[in-house]
Amino acid sequence: MTVELAGLTLPSPVLVASGCGGTGRELAAYAPLADLGGFVTRSLTLNARLGGPQPRIVETPSGLVHAVGLPNPGLEPFLATELPWLVQHGARVVVSIAGSSLGEYAELARRLGSAPGVSAIEVNLSSPDASAAGVFDVREPFHAASVVSAVQRDLPRGVPVLAKLRSDPVRVVESARTVLEAGAAAVVVGNALPAAMPDGRAAGLSGPAIRPLALRCVADVCAALPGAQVVGVGGILGVDDARSFLAAGATAVQVGTALLHDPTAAARLAAALHHDSEETAS
Ligand SMILES: Cc1cc2nc3c(=O)[nH]c(=O)nc-3n(C[C@H](O)[C@H](O)[C@H](O)COP(=O)(O)O)c2cc1C
């Protein structure tokens, strides 16, 4: 079941969501990454980040609250080790980026855009704990557009930009319109919702708890912007969840939290949707 997303031909509409598939090695032990639509890396910053203090992840009745603080090896080690490994294993690599300034976003785009094997850039415009994590705090749609413009300007042609927004039902259509006008090829809706750890630290809420809200946002964006390509993400666990997002108009879906308790979740969904498409075709 191939899909066309942002000018790319993907073998499946199911991708791994940023930050939820480790370096890829953690998932490849269970199913080939090449069978998925794509692997979105954890958000990468220019310099290495250790991440926030423990505890970083706490279970809630219907999801996870997390304040991981965007731990990542930084650009150079990623280019030297993680990217070649993913490419070698057949993954279509979407590199998520986060910066503390417009200049950092632009520098990441410039370097990654010329790295062999990078299929697309996903710009994280919706970190639920941005201030705590020390990344550019995108509060208004025009902030998001500035970041996308800066990334576009320094990215070689042919590498599409996906803009990752928050599932905020009040602002999501306006945000989507603004980033698409700034040059994003597709929008990803959406990130973890702003929440708090039990000790009050800024955090994100993910998992089934946010699915209805994410679905509402995807449906609203697809209805308001009929030509837009939308990737739905938020609480997708089973194939019926994925079907709901696709029926609402999403071109593709990403699986996040589900992978943390079932590393085969994305591969299972990809296989089930492939089966759906074969049934429709016959
Ligand atoms: C442990 C963890 C780490 C995450 N790290 C990132 C990240 O680095 N960048 C990003 O854009 N989103 C990150 N996310 C958000 C997910 O990519 C996804 O947008 C969100 O969790 C909603 O989807 P889900 O309910 O399927 O997990 C993270 C989520 C979790 C649970």
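This is a predicted model: local features need pLDDT of at least 70, side-chain atom pairs count only at pLDDT 80 or more; totals for chains, interfaces and linings use all residues.
**Entry 1: α6 on the sheet**

I started with helix α6, which lies across β9 (161-166) and β10 (186-191) and runs at about 160° to β9. I counted a contact as heavy atoms within 4.5 Å. For angles, the axes are lines fitted to C-alpha atoms (for helices, over the stretch in contact), and the values run from 0 to 180 degrees between N-to-C directions. Helices (H or I, at least four residues) and strands (E, at least two) are DSSP runs, numbered from the N terminus.

Residues are numbered from 1 along each chain as its sequence is written, and side-chain values use heavy atoms, with hydrogens and water left out.

I then checked α8, which also packs on the sheet: α8 touches β13 (230-233) and β14, and its direction makes about 145° with that of β14.

**Entry 2: the barrel**

I found 8 strands closing into a barrel, in the order β3-β4-β7-β8-β9-β10-β13-β14, with parallel pairing. Two strands pair if DSSP finds at least two bridges between them. Ignoring direction, neighbouring strands of this sheet are turned by 25° against each other on average.

Which strand does β3 join through 3 bridges? I traced β3 (residues 14-16) to β14 (residues 252-255), and the two run parallel. One bridge I looked up links L15 to Q254 in β14.

**Entry 3: the open sheet**

I also found an open sheet of 4 strands, ordered β5-β6-β12-β11, and its pairing is antiparallel. β5 (57-60) and β11 (193-196) are at the edges with a single partner strand each, so one side of each has no neighbour in the sheet. The twist here averages 35° from one strand to the next.

Within this sheet I looked at β6 (residues 63-66) and β12 (residues 202-206), which pair in the antiparallel sense over 3 bridges. L64 has S206 in β12 as its bridge partner.

**Entry 4: helix against helix**

My reminder before starting: two packed helices are described by the angle between their axes and the distance between the axes.

First I took α5 (residues 141-154) and α6 (residues 172-181), whose axes come within 8 Å and cross at roughly 25°. That makes α5 roughly parallel to α6. The cut-offs I used: under 35 degrees is roughly parallel, over 145 roughly antiparallel, 65 to 115 roughly perpendicular, and the rest oblique. On the α5 side I listed P141, A144, A145 and V148, and on the α6 side E174, S175, T178 and V179. They split into 5 nonpolar, 2 polar and 1 charged. My classes were Ala, Val, Leu, Ile, Met, Phe, Trp, Tyr, Cys and Pro as nonpolar, Asp, Glu, Lys and Arg as charged, and the others, Gly among them, as polar.

Then came α7 (residues 211-224) and α8 (residues 239-247), with axes 9 Å apart and an angle of about 25°. They are therefore roughly parallel to each other. R211, A214, L215 and V218 of α7 make the contact with D241, S244 and F245 of α8. I sorted these into 4 nonpolar, 1 polar and 2 charged.

How do α8 and α10 cross, left-handed or right-handed? I got right-handed. The axes of α8 and α10 (residues 265-281) come within 10 Å and cross at roughly 60°, which makes α8 oblique to α10. V239, A242, R243 and L246 in α8 meet L269, A272, L273 and D276 in α10. That contact has 6 nonpolar, no polar and 2 charged residues.

I went looking for cis peptide bonds. One joins Q54 and P55, with omega about -10°, and P55 is in the loop between β4 (38-40) and β5. Another runs from V189 to G190, with omega near 5°, and G190 lies in strand β10.

A6 is in the loop between β1 (3-5) and β2 (8-10).

**Entry 5: the record**

Last, I checked UniProt, where an unreviewed entry lists residues 2-273 as "domain: Dihydroorotate dehydrogenase catalytic". Positions are in the numbering used here, feature names are shortened, and annotations may be inferred rather than shown by experiment. Over residues 2-273 I noted 35% helix and 22% strand, with the end C-alpha atoms 10 Å apart.

Methods:
A crossing is left-handed if the near helix is turned anticlockwise from the far one by less than a right angle, and right-handed if clockwise.
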